[in-house]
Structures are given as C-alpha cells and as structure tokens.
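Hi,

Here is the structure I promised to pass on. Have a look at it first, and then read my notes below.

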Amino acid sequence: MKKVFGRPKSMKAAEFHYCPGCGHSIIHRLIAEVIDELGIQEKIIGVPPAGCAVLAYNYFDVDMGEAPHGRGAAVATGIKRSLPDRIVFSYQGDGDIAAIGTAETIHAANRGELITTIFVNNGVYGMTGGQMAPTTLVGQDSTTTPGGRRLERDGFPIDLSEMLAIAHGSVYIERTSVHSPKHIIHTKKAIKKAFKTQIEGLGFSLVEILSPCPTNWKMSPIKANEFINSTIIKNFPLKVIKDEVGKL
Amino acid sequence: MADKLTKASIRINTELCKGCYLCKATCPENLIFVSGKLNSKGYYPANYSEEELDIEKHACKGCALCAIVCPDLAIEVYRG
C-alpha cells in the first residue's frame with residue numbers, strides 16, 4: 001500500500017512537547033506541509049516566539065531564529081531586509097503578538113513588511129500557567145480572572161487582526177481555526193495563500209488561528225474543540241478580514 | 001472481503017500518542033479504540049488493529065480524518 005499521509009519532509013522526527021490535544025502541533029504540521037508543497041524548505045526562515053511554541057525550532061527542519069517575547073515581527077523584518085530572497089515567517093501566540101508585541105506587529109503591518117505572521121490564538125498565556133491574555137473572552141476563567149473575565153475590570157478582548165486590517169501595508173489577513181478536520185484543511189489553504197502573498201512580494205500577510213488549550217481551559221481535548229465551536233467563534237468570527245491579493 | 005482489507009489502512013505509533021482521543025472521536029467508522037496497555041509516556045494510547053475488527057461491517061476507507069486531527073503526528077495513512 002502507498003503511504004498517503006505521514007510526517008512532512010520539513011518536520012524533524014522529534015516528539016512534540018505539547019500537551020495532549022494542543023493545537024500548536026497541528027499548526028506546525030500544516031506549516032511544514034505548506035513548505036513542502038511550495039518547495040521552499042531551503043529558502044524559508046522561521047521566527048519562533050516566547051511561549052509554548054518557544055521550542056518550535058526543534059520540530060521544523062528549516063532555518064529558525066528565535067525572537068524575544070513579542071518581537072517576532074521586528075526580528076522577521078530584520079531577517080527579510082538583510083536576506084530579501086528568503087521567505088520569512090514569524091510564529092506567535094496571542095500573549096506574544098497581542099500584548100507585549102502589539103507595537104512591533106502594528107508597525108510591521110503598516111510598513112507593509114514582506115513577512116508572514118502565524119498568529120495562534122488560544123485565549124490564555126499557556127506556558128506560564130493560564131493567566132488572562134488580551135484575547136481571553138469575557139466570562140472566561142483563567143488563573144488571574146477566577147470566576148471569569150469581567151468587562152468593567154478587565155475590558156474587552158482585543159481584535160488584533162481587525163486592527164491590522166486597517167493598516168495600509170497589510171494585504172492578506174484571515175482568521176481560521178483548527179477545531180475540526182474541515183477547519184484544519186481550510187487553515188492549511190489560508191497559510192499557503194499567506195506564504196504566496198509574500199513570495200509574490202505584495203505585502204504583509206497574517207493568519208490568525210483559533211487553537212485549543214485543553215490544559216489551561218481545564219477541559220478534555222474534545223470538550224475544548226467544542227468550546228471553540230460553540231463560544232469562541234462567536235466572539236472571533238472565522239472570516240477573511242482583508243484580501244487585496246487580486247487587487248494589487 | 002480480502003479486497004476490503006487491502007483498500008486502506010492506518011498505522012498508529014502508540015509511543016507518540018498522548019491520549020487526546022480526537023482521532024477516536026473523528027473516525028466515521030469507529031475503528032479506533034483505546035489500548036489497555038500504557039505507553040512509555042504513561043498514556044493509554046489510541047490504537048487500530050485489523051485483527052480485532054469486524055471487517056464485514058467496518059473497514060478503513062483511508063479518509064485520513066484521524067491523521068488530520070492528530071496533534072502528535074502519530075498516524076500514518078496507507079491506501080492501496
């Protein structure tokens with residue numbers, strides 16, 4: 001029999017350190033599959049974040065350069081400007097990109113840097129133990145908001161992707177999810193389109209991916225996926241937020 | 001019947017499995033079961049075995065949905 005599904009070529013034979021049911025490793029695999037399909041393994045440079053995905057360089061068989069917390073867009077800008085023939089992507093979580101790294105990200109998008117950002121939104125600070133992130137939903141429990149996030153005390157969850165869509169330099173921004181096979185397949189298409197946007201030299205591209213964090217949400221992996229489907233996508237609707245690929 | 005058997009198959013690397021059972025919940029034919037034997041990580045891994053299946057009723061069609069949802073890249077899909 002012929003193997004039709006297995007480990008992508010640009011992924012090392014390493015075991016993931018992520019918790020059971022975590023969305024990070026699915027997203028890693030999708031990126032690696034897209035790298036294989038576009039044939040850019042020798043040309044791509046990744047920028048992993050601080051957070052759960054800090055060890056992403058152990059899993060991708062491509063060049064990687066670690067960024068300090070939140071500085072993914074700035075480090076990726078530097079790499080892309082010094083090596084313009086390479087494809088550069090930053091991989092960032094919501095605590096990384098939407099809190100400490102907001103300034104870098106907004107300015108990189110506004111300058112229209114030719115980089116691609118993978119924004120993994122799981123609504124908590126995962127690695128440090130599930131504290132409230134800017135993207136935590138109103139009413140959602142976290143270790144720093146016991147009893148749920150309160151609007152009058154903690155404010156609204158941030159819609160970073162919508163904010164970046166206003167920036168003049170951004171070209172392609174889409175929000176997807178990895179809670180079901182259908183959405184995983186669609187996420188791969190979105191990542192591919194984002195990389196193609198960069199390869200064609202059009203401008204800044206970003207894919208926001210809603211990802212489950214069963215450990216910090218204190219749910220089983222199956223319940224966590226149901227929670228995305230029933231609650232999170234109502235607050236963070238899945239859609240193409242900005243697409244100027246055909247217009248440029 | 002033999003044709004059905006050789007149509008498609010999956011292989012689960014039980015040492016990579018962390019027991020999230022998303023594959024079990026996703027399989028349209030309910031072919032994946034939880035193994036009674038712990039792996040070296042200390043999880044009861046998901047498993048698939050053609051010997052234990054009633055092939056007349058169920059057969060893997062190679063849809064790969066289990067492999068698509070597996071967060072640990074533990075599943076390989078074969079079609080023949």
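Which residues in H1(A) meet which residues in H7(A)? On the H1(A) side they are A:Ile26, A:Leu30, A:Ile31, A:Glu33, A:Val34, A:Glu37 and A:Leu38, and in H7(A) they are A:Ile184, A:Thr187, A:Lys188, A:Ile191, A:Lys192 and A:Phe195. Being in contact is about C-beta atoms, placed from the backbone, that lie within 7 Å. By class, this contact has 8 nonpolar, 1 polar and 4 charged residues. (Ala, Val, Leu, Ile, Met, Phe, Trp, Tyr, Cys and Pro count as nonpolar, Asp, Glu, Lys and Arg as charged, and the others, Gly among them, as polar.)

Before you go on: this is a predicted model, where local features need pLDDT of at least 70 and side-chain atom pairs pLDDT 80 or more, while totals for chains, interfaces and linings use all residues. Residues are numbered from 1 along each chain as its sequence is written, and chains are lettered from A and ligands numbered from 1 in the order in which they are written.

Now the two chains. In chain A, 21 residues are in contact with 24 residues of chain B. E1(A) gives the largest share of chain A's side, 4 residues. That side has 13 nonpolar, 3 polar and 5 charged residues.

E1(A) also runs antiparallel to strand E4 (residues 75-79) of chain B, joined to it by 3 bridges; strands pair if DSSP finds at least two bridges between them. Helices (H or I, at least four residues) and strands (E, at least two) are DSSP runs, numbered from the N terminus. Look for A:Lys2, which stands opposite B:Arg79 in E4(B).

Cheers

Technical notes
Two residues are in contact if their C-beta atoms, placed from the backbone, lie within 7 Å.
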